[in-house]
Every structure is written in C-alpha cells, then in structure tokens.
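I opened the file to look up ligand surroundings, metal sites and a few backbone details. My notes follow.

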Amino acid sequence: MWTFFHKLGSPPWLYGISGSILRYLLPLTLLALTMGVVWGVLFTEPDFRQGNSYRIIYIHVPAAVVALAGYYVMAIAGGISLIWKMKMADVAMRACAPVGAALTFIALVTGAIWGKPTWGTYWVWDARLTSMLILFFLYLGVVALYEAYDNKEAAGKACAVLSLVGTVNIPIIYKSVDWWYSLHQPASIKFTGESTIDPSMLYPLLLMITAFYALFTCLLLMNMRAEILERESRTKWVRKLAQEAR
Amino acid sequence: MLAADNLSLERGGRQLFEGLSFAIQAGQLVQVAGANGAGKTSLLRILAGLSRYGYLGRVERSAPLLYLGHQSGVKGMLTPRENLSWHVAGEGIYSDAAIERALEQVGLYGFEDVPSHALSAGQHRRVNLARLYLSQSPLWLLDEPFTAIDVDGVAALEALMVAHAREGGAVVLTSHQVINAAYPMQQLSLSTGLSQ
Amino acid sequence: MLAADNLSLERGGRQLFEGLSFAIQAGQLVQVAGANGAGKTSLLRILAGLSRYGYLGRVERSAPLLYLGHQSGVKGMLTPRENLSWHVAGEGIYSDAAIERALEQVGLYGFEDVPSHALSAGQHRRVNLARLYLSQSPLWLLDEPFTAIDVDGVAALEALMVAHAREGGAVVLTSHQVINAAYPMQQLSLSTGLSQ
Amino acid sequence: MYFDSFQTLMHMDGHGPYVWAAYAITLAVIVLMLLLPGRRARAQLRQVAGELRRQQGAPNTGTTEET
Amino acid sequence: MTAPGTAAFCLRLLRRQLVLAVRRPIEIANPLLFFAMVVALFPLGLGPAPDSLAEFAPGILWIIALLSNLLTSDTVFRSDYDDGSLEQLLLSPQPLFLSVLAYVGAHWLVTGMLLAVVSPVFALMLGLPGQALGALFLSLLIGTAVLSLVGGIGAALTVGLKRGGMLISLLILPLYMPVLIFGSAAVQAAVSGAPAVPYLAILGAMLSLAIALAPIAIAAGLRISIDA
Amino acid sequence: MTAPGTAAFCLRLLRRQLVLAVRRPIEIANPLLFFAMVVALFPLGLGPAPDSLAEFAPGILWIIALLSNLLTSDTVFRSDYDDGSLEQLLLSPQPLFLSVLAYVGAHWLVTGMLLAVVSPVFALMLGLPGQALGALFLSLLIGTAVLSLVGGIGAALTVGLKRGGMLISLLILPLYMPVLIFGSAAVQAAVSGAPAVPYLAILGAMLSLAIALAPIAIAAGLRISIDA
Ligand code: HEM
Ligand SMILES: Nc1ncnc2c1ncn2[C@@H]1O[C@H](COP(=O)(O)OP(=O)(O)OP(=O)(O)O)[C@@H](O)[C@H]1O
Ligand SMILES: Nc1ncnc2c1ncn2[C@@H]1O[C@H](COP(=O)(O)OP(=O)(O)OP(=O)(O)O)[C@@H](O)[C@H]1O
Ligand SMILES: [Mg+2]
Ligand SMILES: [Mg+2]
C-alpha cells in the first residue's frame, strides 16, 4: 500500500502508467461516446412532450453530472496536495480545472440551447442554472489563479487552498440558491425530470454518463502528462524522453 | 544558529547557487558577496524562511531572527514612533521610552512625530534600522542595510553590528560597500561558501 | 547650463539652506554633499523644476535635463526593453538596436525581455540607468545613482559620467559614497555652495 | 432507426437546429480539449530537446538561457 | 521590552490598520459616497414609484454593500505587501491566523460595519418600511463580516501577483452569493412581516464557519503569496 | 534617437498603458467575467422575476459602469506616482495636457468602452427589450468617456495627497450625477419607444466640453500634486 502511494508521487512512474492507461481507455471512450450518440439520436423515440429537442439530454445531463463530480475530485486532490504535500496531487488538481470548466461550459450551452424550444428563452434565473453558472466561475477562478502565478509550485498550493475553500462553500451555494428560487419565484418552470424516464431513453443516457466519466478521466490524465513534462523539464528522464522523441 | 545544507537555487533558467552548505554560529559577522543578480537576496529570503518553494536543500534555524529586506516596511502615513510601536513583526511591545531612545540612536531625534512620508530617503530607512536597537533576536539577516545611509550612519551601524556579534549574536548581511568593522568579517561566496 | 540664485528652503520647521547661489557649466562634475536629511533631494528637485512652491530664489535652466530620482520609474510589469522604448520622459524614440546596446552596457544582456519585477534590486535600478546611455540631454541630475549597484557597476557609471563631462555635458549627483573619478570633482555644500 | 430519411434527421420537426447546434458545440469543445494537452506536451518536449541541442552545440557559453 | 500576549498584539495591529484607514479618509468615504449615489440613482432609473422602490430596497442595499466590499477587499494586504510589512508579519512569532483577523477586522469596521450603521438612513430614503430596519441593520452587520473574511482569502491569494487586478473578484464573487441571498432574504422577510430570525441565524452560522476557517486559509494564502 | 512627434509619443503612452492593463492574457477576459458576475448578482438580490429585472436593467448597467469607474479612477496615476514615472512625465518636453489624454484614454478603453461593448449581452440576460440596446450601447460609450475624464481630474488632484483627499472627490462626484441621469434616461426613453437622441446629444455635448477642459485641469492637477 505504502509503496503504491510512494509510486503515485513519482512523476516518471505516473507519466508511464498514465500513458499505458490512455492507450486503452481513450479509444474505448471514443467508441462509447459514438455509440451513445448514435443510439440516443437515431434509435430512440422522441419525448412525448418535448419532441425531438429532448435528444440534447444525452450530452447535457452527462456533462452536468460529471462537471459537478469533477469539482470534488479537484478539491480532494487539492486537500491531498496541502496535507501530504504530494506534488502529483497538485498536478492532478491543476489538470481538473480546465476539464471541469469545459464540461460545465458544455452543460451550460446545451442547456441554454435546449431552453429555447422548451421554455422559449435561452436563459432564466433559475436556481439550477444559476448554481451551474457559479460552478463555472469557480472552475475559471482556479484556472485563472494558476495562470497568474509565475512560480508553478506556489500556484498549485494557492489553487489547492482555493478549491478547498470552494468545497466548503459548494453545499452552501447549492442550498442557498435552491432556497432562493423557492422563495422568490413560483415554480413556473419545471424540469421534465418528474415524468419518470422511459427505459429506452435511460439506457443510452446511462451509457453516455459512463462515457463522459471515462472522457473526464482521459482528459485529466492527458492534462496531467503535459503538466508533468512542464514541471519536470529539467530532470534527466524528461531530457531523455525529449531526445527519444526526436 | 543557522545551518544551510546543500542549498541549490535556479531562477529564470540560471543556476544561482548549487550545493551551498554552511553554518553560522554566535559571534559571526558574515557578508554575502556577489554582483547584482548573483542571488544574495534570494539566499537571504530562503534563510529567513520567506521563500519555501523552488529551491533544493535544507535550512535549519535554531534562534529567533530579525530580517530587514530591500523594502523598508515603514508606513509613510505613520510617524516613526507609531511605526515602531505598532510594528507588525510582533517581537515585543516596546515602551515609549525605549522607542524614543532607539530613534535617537539612529539620528531621528526630533523627527519622532513627523509622518514618515515627510522624511528623507535615508531617514526613512533609519526608522527601520531602529529596530536593530530594540530587537532581542540574536540572528540578524540584513539585506543592504546601508542603502541611502550617510557616512556617519554607516559607521554607527557597523559599530552596532560588531557590538551585537560581541554579545553573542550573529549577523549575515549583503552590501556592495566595503565594511570597515574592527572585527573579523567572513565572506560568504555563493559559489564557494563561507571563507575568512 | 544651470544657475541657482539665492535659493532658500525651509521644510518641517528647519532651514535646509539659505542664500545658496551657484552656476553649473558644461564639463562640470558636481557632488552634492550632506548628511541624511540635509536637503540634497529637495535641492535637486528644485533644480529640476519638480518643486515649484515653497522655496525662495530663482533657478535658470538653459539646457534640457535628465533627472533620475530616488524612485526608479521602472514598471515591474514591463520588460526592460519596453520600459525604455515606452518611457514616459518622451525625450526621443529610441531604436530597438539602441535600446539593446544600452541594456547591454548596463549589464542586462539576456534580461531584455524578462519582466522587470523578476530582476534583482540592482538590475532593476540598472534599467533606469540605461537611460543615461540613450539620453541626449547635456545636463544630468542624479539622486543617489549608485544605490544597490555593485562595485563593477559603480565603476562603469563613474566612467560614463566622466565621459559625459568630457563631451561637454554636466552632472550633478548626490551620493554617500566616495567617488573615484579620474576627473576633477566639485563638491556642492548646502551651506557654503560650490567648491573644488 | 427512428428517422426515415436524412432530411427528417436534420430537421427533427423543427428542433434540428437546436439539437445539432448543441451536438456541434459539444464536439468542438471535446475535440479542442483532446488536442490541447497533446500540443502542450509536444511543445514542451521540443523545447527541452532544443535546449539540449544548444547546450551540446555550444558548451558553457551564455550564462543565460531562454526560459 | 515585554513579550506581548497575542491578544495585545492583535489589538495593536487592529489599531494600526484603523489609524491607517482613517488617515486616508477618501478610502473610507468612497463606499459611503457610492452608497449614497446608487441610492440616488435607483429612483432615477426606475421612476419615483415608491412601491417598487420599497420592494427592491433590500436587494439594492445588499448589492451595494457587496460591491463595495468586493472592490475594496483587494486592498486589505496590498499596501503591506508593497512596502515589505507583510514579510515582517510572516516572520513574526505571533500566530499568523490570529494576526490576519486584525486586518480583516479593520477592513470590516471601515466598510461593512460603517455601511450597516448608515444603512437605515438610506433605507428610509428608498421607502423601506420601518419594521425592516432592524433586520437590515443586523443582516448587514453579520453578512458583511462574512464578506470581509471571504474577501480576505481572495486578497491573500492574489496579493503577491503583479497583476491581481480583477482576478480577486472572480475568485470570491461565487463565494459571496450565498451571503447575498440570505441577507436580502432576511430583509425581505421582515418587510413582509415574517420573522427574519431564521435567516439571521443562517448568516450567523456562516459567520461562525468563516471565522473558524477563513483565518487559516488567509494565513496559508499569505505564505504562498509572499513566495509567488 | 529621433525626436518624437507629440502624436507618436501619445500613441506610445497609450500603448504602454494598455499593455500594463492587459499584461496577462487572463486579464483580458477578467473584466468581462466581472461584469457577468455582477450582472448575476442583481437577480440574486432582487429576485429572478423577469419583468422587474428588465425594468431595472438600464439602471443596473449604468450603476456597474459608474462603479467600475469610480473605484478605478483613483488608480489612473497612482502607480506612476508611486514609482516615479510621473515625475519623468512632468519633466518631458511633450505637452502634458496631451499626454494625460493617453492615460485617461487607456482607462476608458479598459473600463467604459469594454463595458459598452459587452453590455448588450448582459442586457439581454437581464431581459432588456432589444430596441433599447442601441441606446444603451451609445449612452454607455459616450457617458463613460465623460466619467473617465472627470475621474481623471479627481485622480490628478488627489494622487500626491497623503491625506485629506476627500474634499476633492466630494467636489468631483457631483459632476458624475448628470452623466448618470442623462445616460439612464436615454435607455429608459428607448425602452418606452421614445427617441433617445436628445439625451445622447446632451451626453455628446458633455463629452466635447470634457475633452476640451479636463486635460488642462488634469495637467494642472498633476503639477500641483507632484509638489505636495
Ligand atoms: C443553461 C441552462 C441549463 C443548465 C445550466 C442546466 C443544468 C443542469 C444541471 C446542473 C443538471 C443536474 C445534473 C444532476 O442533478 O446531477 C441538469 C439536469 C437536467 N437538465 Fe438541465 N440545465 C439547463 C437547461 C435545461 C433545459 C432547458 C432542460 C429541458 C427542458 C433541461 C433538462 C434537464 C434534465 C431532464 C436533467 C436530468 C436530471 C434531472 O432530471 O434532475 N436542462 N441540468
Ligand atoms: N521573482 C523572480 N522571478 C524570477 N527570477 C527572479 C525573481 N527575483 C529575482 N530573480 C532572478 O534571480 C536572480 C537573483 O536575484 P537576487 O535578487 O537574489 O539578486 P541579488 O544578488 O540580491 O542582486 P542585487 O545585488 O541586485 O540585489 C536575478 O538574476 C533575478 O533576475
Ligand atoms: N514632503 C515633505 N514634507 C515636509 N518635509 C519634508 C518632506 N520631504 C522631506 N522633508 C524634510 O526635508 C529635509 C530634507 O529632505 P531631503 O529628502 O531633501 O534630504 P536628503 O538630503 O536628500 O537626505 P537623504 O540623504 O536621506 O536622501 C528632511 O529633514 C525631511 O524631513
Ligand atoms: Mg538584492
Ligand atoms: Mg535624498
């Protein structure tokens, strides 16, 4: 167990193992994504209320779910980096932020596009939408803070502090935004979640959610590899790698 | 009081020092030598514990220290007296009489209650140097303490450092001026370490 | 180039100088003498035309001047190259080649495109001193130009000032260091005026 | 297969533009995210390789390296 | 010299920060002036219909408080960083997470606390019913303290950056939003005759959490920043 | 060396100020994010009801413009004063009242102009009717330029003051009010279908006056400040 932890902290080992994981995981992910999309778009019946526009669900919901989960991954990595001073946790945390931001962006944009045919407007100040917007800002904050620091080691620590502070606040944010909504506005707009979802729609959705989790993992690993190379650019193993690459 | 073990630092793509080891004992007066950009300030900040990332090696401090950097840490909006009595370093709460004495010793007699922004460059730095008269910390890390100080002031400061070393303190300082202390000075070179 | 007639200044209830008259001609190298708080900076600012109220007497300037004060006027966010090419003093627009040469002459070769906040204290000041190599102004007013500069840098600066004086320029500077220029230096005392 | 022709697939009873815009944007973002890390890594390796070449070509010349 | 107790030291720091703030009165006055101007602007933007003004008064006052906090929190550590005092603070033998409370406290006293004290005047100008003044005052008093603490975290993380600029607002605004929601909800409740106490209690809980955790985050942030 | 024309010199100054403002790539996006977040605050404080939000939109956007101007205009000359660049500018052979235009212009470009350009997006998020977007954009564009110029006077007069700058900012602040009144009135008019042109014309007249007089006042203010 301890040696495994020790290895996790070793950049060359992580670089190597993530390379072999990606070699299998990435094609598998792309395959699952394609299958899910084809299944969802071509082979399911339209929703009885929303017609064909509901097909956005196959990207909207997975993106939203994984974007939320991604924040916890980031915060946990940040915590590990601060408490156990593990360099690679720093790297993982930094790699989470842009991926999470991208997924949040996808959820926001697809949701907004979906809103036009169903609600008649791209944007309403609804609790769920607002809290998603806040999540987007939280991710961007981490990215921006990291970029603003010259010393990348310090940048990692600063972002770790920020993401930990963010975790304390995330439940508060969600609770308060939910509450705000129910206080001020009669529920004029409802997600269609109440109509229990038909299995023929559920299975492709589950496939897509799994595929998005896998996609998140792939992107995380790829970003980590790039980050490792940048941080370790003066070590022997990277130099060797650079010479071999030519 | 202070031991540095195998310190290495790279900044902006240049290796400033590598494998630097030395120990500083009570009674030592050490001048860090080096041209502009050699890495003296960077070293002092590492020794003080202000820089914690980006260098290799270990530093051990076994005595309270007083660090004076390039920047003065003196607030222009406060008078010299206020600057000292509310100093953020929090080593101690000094009595008004002690502060007055220290200000007099750095030649600021009569300027105790002038806002510091109305002081000349040298007087401004002297407010900070007054802390040397007040402090009880045995280890002093001084980054170019003579900046903007006139000839008499430099002599007084040299005498103070010698007295501090005699009493069992230690001083590590950087300066581009030659120091004429009546005391054995040591040079710390960033490439070769401590030497007589 | 510069004539001061019967200058008197009082600051903070102290008479800093009174009835000070002198004239500075081409070829002169003048060091203003005085302890901390004597009024050297105040005098230089009056000579440069930055202080316009609160003193008595007249100053006549008959040549464009270059003034370098205690503060560096170098922006940490800009690189040395940008600092020089966008300098607010607006004396001239310097070619990139000229700027590169000047930066090399002050020992900043290789640091042209590093953000200035990542320079050491002495390197930071050198960015400003590079203006001396670029400027066409015959009259230089330099307030403690040697601050934070290492021994080699001081020597180079002294040589530059001598060369400038030889070419028909004039330099008025303050410094608490003794200047070893191979050129007749003059002392300007705030109480007694110009002397050899 | 729910749709009987390419036209109906594109049109989706008027919802086509929304659905396809959503899928297109998602595809674009995902492709971008897949490409960027690889580019970053390759650029870094190239830079390190360049540094090595420079060091081997001219040993111990300049005191400064480009960062 | 006497070794100072930590409490004595923090009080001294607080006094220092307050004196510094008071000697530059423009900085204290800016939020208040801003407050007054916005309160004057809203009737202009809305037309002087008193009903809708009163309805939105809680939100307006709360947003002003939040914005003036947001835009001044950058300065909490900035000048001390610039002149080297912050280095000295980090080297001090006193526990850093307590000293930073003095900084945050001073900031709160000259922004949030001051706004809370003058808010009843502006609230009456906007036509807020008298029964809600108490809730407004208390919610601002507690809520702005949370804002100052959270803003301090952002300030600590960005103070060493050469161009902190608006980055701090990106970092802390998301964290400000719950306070805004509960703060204006408290006043809204009081306006409509409902009890404001539950909302104030939630704000109080947030404050306890912030007092417990923010100083640690601020201290960590400063140690990182000084190294940036 | 070539002696620069005044125009060339001012362009260089403008470029310098802009580069200083946007040095880090992340900073370019930040003002936009800032606006987005502040716009998001208003629904949170005022409640998400689309009608009342739309009603408030002109006032809200104008408040944000005013705020970012009021709280940043102090910085126009501050950093140049602190690091000695301002002294150098005063000693420059170039006409000061033209150089200061570069400072004010850069400030306007990164605050007011940017806000004007992005304002339609946020106006739509707040539900402002489409027909008012043009008036909003133009009124912000012209109005914020006046704000920047007037703010520059205040900044020039107070930059050298160690204390007691409040009086001057009190004198400057009333000059902001007419801009706000006519600015939000222009948008309001457009919302209600009335022509906005008269209001915009008044703003334009204010701008001409400000461009003619403010640089002289700013130059005089700087000369006084550097001596303070
Ligand atoms: C910009 C606009 C939108 C945003 C930011 C957004 C955000 C979210 C988020 C955060 C989730 C939650 C995932 C979870 O609970 O784990 C979600 C789920 C969902 N959204 Fe959206 N959404 C938007 C618009 C829409 C629209 C217009 C529709 C359809 C009318 C929609 C339908 C759904 C459905 C059906 C789910 C599934 C999960 C559930 O029922 O709770 N969303 N969305
Ligand atoms: N924040 C920074 N980021 C990157 N490089 C830096 C930073 N600060 C300093 N450096 C670089 O580190 C080197 C050493 O700087 P340092 O300040 O330690 O020099 P120094 O010996 O104190 O010089 P001086 O005599 O001029 O004060 C310089 O080359 C400088 O360019
Ligand atoms: N803004 C000010 N307001 C009032 N008095 C001032 C102001 N600036 C300086 N003084 C006073 O004027 C005197 C001379 O200051 P000046 O800066 O000219 O001295 P200096 O000779 O340059 O000293 P140094 O060698 O320390 O730079 C000092 O006693 C100082 O207290
Ligand atoms: Mg140094
Ligand atoms: Mg001086």
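This is a predicted model: local features need pLDDT of at least 70, side-chain atom pairs count only at pLDDT 80 or more; totals for chains, interfaces and linings use all residues.

Entry 1, backbone angles. I looked up B:Glu144 and placed it in the loop between strand S6 (139-143) and helix H5 (151-166) of chain B. Its phi is near 50°, a positive value in a residue other than glycine. Is B:Glu144 buried or exposed? I read a relative accessible area of 8% for B:Glu144, so this residue is buried, the cut-off being under 20%.

I then turned to C:Asn6, where phi is near 60°, again positive in a residue other than glycine. C:Asn6 sits in a strand, S1 (residues 2-11) of chain C. I noted a relative accessible area of 45% for C:Asn6, which makes it partly exposed.

For A:His60 I recorded a polar side-chain atom 2.7 Å from a nitrogen atom of ligand 1.

I located ligand 3 between chains B and C. I counted 21 residues surrounding ligand 3, with B:Ser120, C:Arg14, C:Lys40, C:Thr41 and C:Ser42 as the closest. A backbone N or O atom of B:Gly122 lies 2.7 Å from an oxygen atom of ligand 3. In the side chain of C:Asn36, an N or O atom is 3.0 Å from an oxygen atom of ligand 3. For C:Thr41, I noted 2.6 Å between a polar side-chain atom and an oxygen atom of ligand 3. Taken alone, ligand 3 exposes 640 Å², and the protein buries 88% of that.

I looked up which elements each supply at least two residues of this shell: helix H4 (121-134) of chain B, and strand S2 (14-24) and H1 of chain C. The shell around ligand 3 divides into 7 nonpolar, 10 polar and 4 charged residues.

What coordinates the magnesium ion that is ligand 5? I found C:Thr41 (OG1) and C:His70 (NE2), at 1.9 to 2.4 Å. C:Thr41 lies in helix H1 (residues 40-48) of chain C and C:His70 in the loop between strand S5 (65-68) and helix H2 (80-85) of chain C, so the pair ties together parts that are 29 residues apart in sequence. I noted both as partly exposed, C:Thr41 with a relative accessible area of 22% and C:His70 with 30%.

For the magnesium ion that is ligand 4, I recorded B:Thr41 (OG1) and B:His70 (NE2) as protein donors, lying 1.9 to 2.4 Å from the ion. I placed B:Thr41 in helix H1 (residues 40-48) of chain B and B:His70 in the loop between strand S5 (65-68) and helix H2 (80-85) of chain B, 29 residues apart. B:Thr41 is partly exposed at a relative accessible area of 23%, and B:His70 is partly exposed at 30%.

Technical notes:
Residues are numbered from 1 along each chain as its sequence is written. Chains are lettered from A and ligands numbered from 1 in the order in which they are written. Side-chain values use heavy atoms; hydrogens and water are left out. Donors are N, O and S atoms within 2.8 Å of the metal (3.2 Å for Na, K and Ca); water is not among the atoms, so sites may look incomplete. Helices (H or I, at least four residues) and strands (E, at least two) are DSSP runs, numbered from the N terminus. Buried means under 20% relative accessible area, exposed over 50%, partly exposed in between (1.4 Å probe, protein chains only). A polar contact is a pair of N or O atoms within 3.5 Å; within protein, one must be able to donate a hydrogen and the other to accept it, and residues adjacent in sequence count only if both atoms are side-chain atoms. A residue is near a molecule or strand if one of its heavy atoms lies within 4 Å of it. Accessible areas come from the Shrake-Rupley method with a 1.4 Å probe; for residues, only the protein chains shown count as cover. Ala, Val, Leu, Ile, Met, Phe, Trp, Tyr, Cys and Pro count as nonpolar, Asp, Glu, Lys and Arg as charged, and the others, Gly among them, as polar.
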